[in-house]
Amino acid sequence: MTDFDLGPEVIARVREASDVVSVISDQVRLKRRGRTWEGLCPFHEEKTPSFTIDAEKGLYHCFGCHAGGDVFNFVMAQQNFNFPEAVEYLARRFGVDLPARSPGAQKRRRDEERQRSILEEAQRWFVDQLSSAGGAEAARELERRGFPKSSWASFGFGWAPDEWRGLVESLRARHPEGVLANAGLIVQPESGKSPYDRFRKRLMFPIRSGDGRLVAFGGRILGGGEPKSPNSQA
Ligand SMILES: [Zn+2]
């Protein structure tokens with residue numbers, strides 16, 4: 001992840017400074033035609049040019065394969081960069097100074113990373129519980145619903161046992177209880193009594209964002225009991 005603070009103004013500055021024609025001409029031999037440039041598309045095989053750049057708008061488009069976008073999209077596609085990496089690359093190339101992250105932003109980022117690693121630890125614990133003796137009932141239920149054991153890993157299925165402090169006890173040596181509560185894994189009673197696991201006697205599955213990061217858990221209760229399927233994030 002980038003150490004720079006890539007806010008909208010910074011991104012606009014990098015976009016402004018980046019000469020899309022010069023970036024694309026690294027890969028494509030371009031011919032000028034009025035205010036547009038033309039060349040053979042780098043995204044598909046072709047013999048006559050259907051790839052054009054509108055230099056004023058800073059956009060490229062291919063009429064053959066419909067690839068298109070701005071200078072960031074081009075760099076991401078050609079160099080396999082993610083968006084922040086593309087911004088950094090272009091900033092370096094066109095001499096834009098990027099502001100370092102503020103201490104507050106750095107702390108937020110560390111907190112996010114910590115929370116993510118705690119959720120992954122909890123995920124491993126739920127998975128272990130499912131294959132333990134205590135998870136036998138859940139395992140049978142999964143098979144009965146048409147999820148053979150060979151499919152569990154791809155879904156990330158796990159089991160939250162019927163205990164009040166199973167997960168808390170497994171994580172509290174490494175993580176303060178307040179952090180576990182913020183991650184949505186445990187409940188801290190206002191009375192000051194001992195915190196307890198939010199998920200009990202539930203079939204667990206991870207909820208991941210588009211880029212694969214674990215952001216929350218879904219939990220489905222087995223058999224009778226509460227009808228709700230709570231999520232660890234509202
Ligand atoms: Zn194309």
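Predicted model: local features only at pLDDT ≥ 70, side-chain atom pairs only at ≥ 80, totals over all residues.
On the α3 side the contact is made by V71, F72, V75 and M76, and on the α4 side by F83, A86, V87, Y89 and L90.

The loop between α3 and α4 holds N80. This residue is not a glycine, yet the phi of N80 is positive, near 60 degrees. Most residues other than glycine have a negative phi. Is N80 buried or exposed? N80 is exposed, because 9 other C-beta atoms lie within 10 Å and the cut-off for an exposed residue is 12 or fewer.

T52 has H61 of β4 as its bridge partner, and I53 is bridged to Y60 of β4. The hairpin of β3 and β4 has four residues between the strands, and G58 in this hairpin has a positive phi near 70 degrees.

On to the next pair: β4 and β5 (residues 68-70) run antiparallel and are joined by three bridges. Here L59 stands opposite D70 in β5. Five residues separate the strands in the hairpin of β4 and β5, where H66 takes a positive phi near 65 degrees.

## The three-stranded sheet

Another open sheet has three strands in the order β6-β9-β10, again with antiparallel pairing. Which strands stand at its edges? They are β6 (158-160) and β10 (214-221); each has a single partner strand, so one side of each is left without a neighbour in the sheet. The twist in this sheet averages 40 degrees from one strand to the next.

Strand β9 (residues 202-208) runs antiparallel to β6, and three bridges join the two. A160 stands opposite R202 of β9. Helix α5 (residues 103-130) packs on this sheet and touches β6, β9 and β10, with its direction at about 90 degrees to that of β6.

The loop between β8 (196-197) and β9 contains K201. K201 is not a glycine, but its phi is positive, at about 55 degrees. K201 has 18 C-beta neighbours inside 10 Å and counts as partly exposed, because a buried residue needs 20 or more and an exposed one has 12 or fewer.

## Overall layout

How many helices and strands does the protein have? There are nine helices and ten strands. The radius of gyration is 25 Å, whereas the globule rule gives 17 Å for 234 residues; the value is well over the rule, so the protein is more spread out than a compact globule. Along the principal axes, the C-alpha atoms fill a box of roughly 70 × 45 × 25 Å.

The domain assignment gives two domains, domain 1 at 8-93 and domain 2 at 108-221. Their centres, taken over C-alpha atoms, are separated by 44 Å.

Buried residues account for 23% of the 234 residues. Of the contacts between residues at least 6 apart in sequence, 49% join residues at least 24 apart.

Notes: Residues numbered from 1 in each chain as written. Domains from an automatic or database assignment. Rg over C-alpha atoms; globule rule 2.2 N^0.38 Å. Contact = placed C-beta atoms within 7 Å. Pairing = 2+ DSSP bridges. Axes fitted to C-alpha atoms, helices over the stretch in contact; angles between N-to-C directions.
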